[in-house]
Amino acid sequence: MTLKSDDIRNIAHLARLHIEEDAISDYVNDLTSILSLVDQMNAVDSSGVAPLSNPLDASQRLRTDEVTETSQRDKFQQIAPDVADGFYRVPKVIE
Amino acid sequence: MSDWESVIGLEIHAQLATVSKIFSGASTAFGAEPNTQACAIDLGMPGVLPVLNREAVNMAIRFGVAIGAQIDPHSVFARKNYFYPDLPKGYQISQFELPIVGKGHISISPAEGEHKEIGITRAHLEEDAGKSIHDQFPDQTGIDLNRAGTPLLEIVSEPDMRSAKEAVAYARKIHSLVRYLEICDGNMQEGSFRCDANVSVRRKGEHELGTRAELKNINSFRFLERAINFEIERQIDLIEDGGQVVQETRLYDAERDETRSMRSKEEANDYRYFPDPDLLPVAISDEDIARIRAELPELPEQKKQRYIGELKLSDYNAELLTANRDTALFFEAALIDSPQLSAQLVNWILGDLAGALNRTGLDISAAPITPPMLAQLVARIADHTISGKIAKEVFEAMWQGEGSADAIIEARGLKQITDSSAIETLIDEVIAANPEQVEQFRAGKDKVLGFFVGQVMKQSQGKANPGQVNAILRDKLK
Amino acid sequence: MANSVIGICQGLARGEFSSVEITKDYLARMQQHNPTLNCFISVSEELALNQARQADAMRAAGNAGPLNGVPIAHKDLFCTDGVRTSCGSRILDNFIAPYDATLIEHFKRDGAVMLGKTNMDEFAMGSSNENSFYGPVANPWNIQHVPGGSSGGSAAAVAAGLAPAATGTDTGGSIRQPAAFCGVTGIKPTYGRVSRYGMIAYGSSLDQGGPFARSAEDCALLLQTMAGFDPRDSTSSEEAVPDYSARLGQGIEGVKIGLPKEYFAEGLDSRLAAVIENAIDELRKLGADIKEISLPNTGLSIPTYYVIAMAECSSNLSRFDGVRFGHRCDDPVDLEDLYKRSRGEGFGAEVKRRILIGTYALSAGYYDAYYLKAQQLRRMIKNDFQNAFENVDLILAPTTPGVAFKIGAKTDDPVSMYLQDIYTISLNLAGLPGMSLPVGFVDGLPVGMQLIGNYFDEAGLLAAAHSYQQVSDWHLQTPDLES
């Protein structure tokens, strides 16, 4: 599977990663070679095998519905890049 | 319009009425100061992990049982990946291939006498995002994550509706049901019940579905109807003018009563769903389902059928009474005291009581008149203590908090006059005072009787029993 | 002064020294050697001394917990309340964690002292500790060579005696491989054994936290503190935690140990193979029953691992967006710019590569071919181990294909770096426990041997390693730092 520069740009956009134009070709090469490694999976027939998500094949434990947290806003917002009036702030988003 | 058919499906997000969030122990209470109900998990802090709220699962199962759906014994949570500032982890924990609730159905009554079954494709659990506030700061958007992590049940209908009216009837039915089940408070203003509509059109007889648009930002049933109607018109006009409907998200603007395309937030989002590795499949047994089924309250449909079958109410009245659980419960409470007066109670509840509630903007559960109070009023009419007309005056006084029906009747001296001799005396007075009209009546003008009745009622301050007045008058005027 | 956890516990108990004294000792060694080795990203001197004073006071009051007063270094992947937690990344360079990971709470509960946060490959992605924003870590045995990764800082710190023990995490070998390269003992527990709450996620279905120390005996003590059910982690197991130390001496007489033929084939440096053969002989002498087994799907493990790990991390790292914490770019012009530049500036090249591949693998049209396929192969690999464990109690293998390579030797080709994980990766896929212990040297660099156990048989692994360490002294060797 060979990737092209536009593929890198598209995936980088999906992942919201800025990649310098002059680094794109390095990424094309690196990612293409990683994908060749990954394509080795196709050598094996796995039809009918149930996918494994959790190594222990366990079931979800359920939590009682009760309020256990109190506000720690000040502590959490102390480490925030931009807060005001209790809100986190980002450049204006137009919907 | 007549060669066209509209095809409508609704996606409803019902905020589940748990006290804590779906994956954390922070509170879900509405109206708190920004970011005071967002714990580390809700903020998507590095290293935090989700743990599933049992009550959210129970509520979803309740809904599934109520719509006759299969409950998946091993449903799976999946990550829906996209970037938006009110989505702190950069993904929403939702369900994709294996939702907790499968196919079900619900019946609606879009107009009196009409019935239709609407299919429900699935319902699944997911977490809500936070809120983006655009008008707090001049050049920035403020993010409040209090709402992030609130449990949602996303209910997806089949595209079975063919008009805005049907869509509204369906939305109201689901609204009523989630309130009956006590899984959602249904408060559309506060955003705990949100409807998105998928609308497309096609020429009658065509089997393929047209391209659909998704309508968002609708927060009342009235707006839902308007938004859908606008969109249907827009799509038909567009196609008739040679254009093509584009698959997109459109926002409803209530002020202008129109739908508008959203700025490209939707650029064919690739959500890259995959099972969330921090959560395990939710195992639900037949015992769990049976237990929840046994604990279900009587559901609207069952109640409605019982009212029709046992209480002999009309389909229409039964539908109206059961649409809102609080109304039905009010009715049932009043019936306890006076089971034989069901027909009269229905009329008062759907008539004067509903009118007063509407006027004052109150919920029936906050009404100043309680079920026993209403039952007493209705009983006093039935036992002829007061007339129907006087009863309206008593009702108003009760509404204003003057006390029970009996107390008011006593205090204002409103008892109906049923003593024949007293009525005779009144009638004699009126006849004596109006010889001309007596002549007219005896000459054959029957309508004049009404004049005499009116005069007698006036003399008695409305308290004379109208039936007796009528009978005695006729007798005396012969 | 004592340099093993057991030795320190005994010394403290006998009043030979105080926690404050021994903590100061380690802090001094760290100050002396960290400039060369670069094991530590953050040194928490004031906190450490406070904790040491508190530990001494608790001991005096008769309330000493099992690790009272013992100084420990923690991989910079564990959230530590009030202390920077960087994950070796610029994007978290300014992140002061607002809470403690469960694992950190356990250490506090048991009275341990935190020396500092150790260097690591950025977000645990790497096998050499060359991917850190804070620069590479040097192998104390030869500072031109890598210590391994991603927990390179922790392994090197223990090897160099800058800490008697340290915590690490292992997603594809990140405890075992650096343990092998640095000549220390390290164990990756069964998936679900140690809580992941507060352990910043890389590959959520693969990550496990575990200890580095000088011996299996020390590891047993640490694992006792680290292990246990955590209601805050849905993947945490309720399996009871045995007394690991009590079972150390159970010996390996009659224990069936399998050697997977696929692991002793080409690709393994022959000199390493010879060293491991000697170790196997020792185990035979101790009564172990050695037999050949097969793990046929071994060859699939690398691609399977990388697809799953990259897919999971591409999603796990989305929260690093410059909005609520961490690095934010200057003067973002709009939201897109905020995201792209904050993340572009904050993440290193390897992390970006993995996010891109992971995003690609999950994207529309590729999910079945990559992610779903990998999950199927994962089950096949797990089944291989299950089948093997029908006939053996433990599996023995090399930890790495060679000894520690030179810094810079593999940084040009990501794939050649990925191939370093060949012997360690499979058991992360299966969720099994595994450990590495030192068994010799080649070219002056340590050789590690790997032991793999069945689910929740950490006690069996530690006992086997302990038996070996009773009749050998590789684990007691220390590098000469002055040279």
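Is K75(A) buried, partly exposed or exposed? At 31% relative accessibility, K75(A) counts as partly exposed. The value comes from a predicted model, as do the others in this report.

## Chain A

Chain A contains 3 helices and 3 strands. Along the sequence these elements come in the order α-α-β-α-β-β. The radius of gyration of chain A is 23 Å, whereas the globule rule gives 12 Å for 95 residues, so chain A is more spread out than a compact globule.

The C-alpha atoms of chain A fill a box of roughly 55 × 45 × 25 Å along the principal axes. Of the 95 residues in chain A, 45% count as buried.

## Salt bridges between chains A and C

Over all chains, the count comes to 64 salt bridges. One of them joins D30(A) to R353(C), with the closest N and O atoms 3.0 Å apart. This pair crosses between chains: D30(A) is in helix 2 (residues 24–39) of chain A, and R353(C) is in helix 11 (residues 349–362) of chain C. D30(A) has a relative accessibility of 16%, which places it among the buried residues. R353(C) is also buried, with a relative accessible area of 12%. The cut-off that applies to both residues is 20%, since buried means under that value.

K75(A), the residue of the opening question, takes part in a salt bridge with D81(C), at 3.0 Å from N to O. This pair crosses between chains as well, from the loop between strand 2 (71–75) and helix 4 (102–109) of chain C, where D81(C) lies, to helix 3 (residues 73–78) of chain A, where K75(A) lies. D81(C) is partly exposed, with a relative accessible area of 32%, and K75(A) is partly exposed at 31%.

What does the side chain of R325(B) meet in a salt bridge? The partner is E182(B), and the N to O distance is 3.2 Å. Elsewhere, salt bridges that share partners join D30(A), E350(C), R353(C) and R354(C) into one network.

E182(B) has a further feature in its backbone. Phi of E182(B) is near 55 degrees, a positive value in a residue other than glycine. The loop that holds E182(B) runs between helix 2 (164–180) and strand 11 (193–203) of chain B.

## The interface of chains B and C

How many residues of chain B are in contact with chain C? There are 29 on the chain B side, and they touch 36 residues of chain C. The size of an interface is often given as the accessible area lost when the parts come together. Chain B and chain C bury about 2,700 Å² between them, and 59% of this is on carbon and sulfur atoms. In chain B, the residues that lose the most area to chain C are P46(B), L49(B) and F83(B), which together make up 23% of what that side buries.

The count between chain B and chain C is 1 salt bridge. R196(C) and D278(B) form a salt bridge whose closest N and O atoms are 2.9 Å apart. Strand 4 (78–81) and strand 15 (274–275) of chain B each supply at least two residues of the side that touches chain C. By class, that side has 20 nonpolar, 4 polar and 5 charged residues.

## Local features of chain C

A124(C) lies in the loop between strand 3 and helix 5, and its phi is near 70 degrees, a positive value in a residue other than glycine. At 3% relative accessibility, A124(C) counts as buried. S150(C) has its place in the loop between strand 3 (113–118) and helix 5 (152–159). The peptide bond leading from G149(C) to S150(C) is cis, with omega near 10 degrees.

T185(C) belongs to strand 5 (residues 185–188) of chain C. With a relative accessible area of 0%, T185(C) is buried. The side chain of T185(C) is joined to that of Q469(C) by a polar contact of 3.1 Å.

Note on methods: Residues are numbered from 1 along each chain as its sequence is written. Chains are lettered from A and ligands numbered from 1 in the order in which they are written. This is a predicted model: local features need pLDDT of at least 70, side-chain atom pairs count only at pLDDT 80 or more; totals for chains, interfaces and linings use all residues. Side-chain values use heavy atoms; hydrogens and water are left out. Contact means heavy atoms within 4.5 Å. Buried area is the accessible area (1.4 Å probe) that two parts lose on being put together, summed over both. A salt bridge is a side-chain nitrogen of Lys or Arg within 4 Å of a carboxyl oxygen of Asp or Glu. Helices (H or I, at least four residues) and strands (E, at least two) are DSSP runs, numbered from the N terminus. Ala, Val, Leu, Ile, Met, Phe, Trp, Tyr, Cys and Pro count as nonpolar, Asp, Glu, Lys and Arg as charged, and the others, Gly among them, as polar. The radius of gyration is taken over C-alpha atoms; the globule rule is 2.2 Å times the number of residues to the power 0.38. Buried means under 20% relative accessible area, exposed over 50%, partly exposed in between (1.4 Å probe, protein chains only). A polar contact is a pair of N or O atoms within 3.5 Å; within protein, one must be able to donate a hydrogen and the other to accept it, and residues adjacent in sequence count only if both atoms are side-chain atoms.
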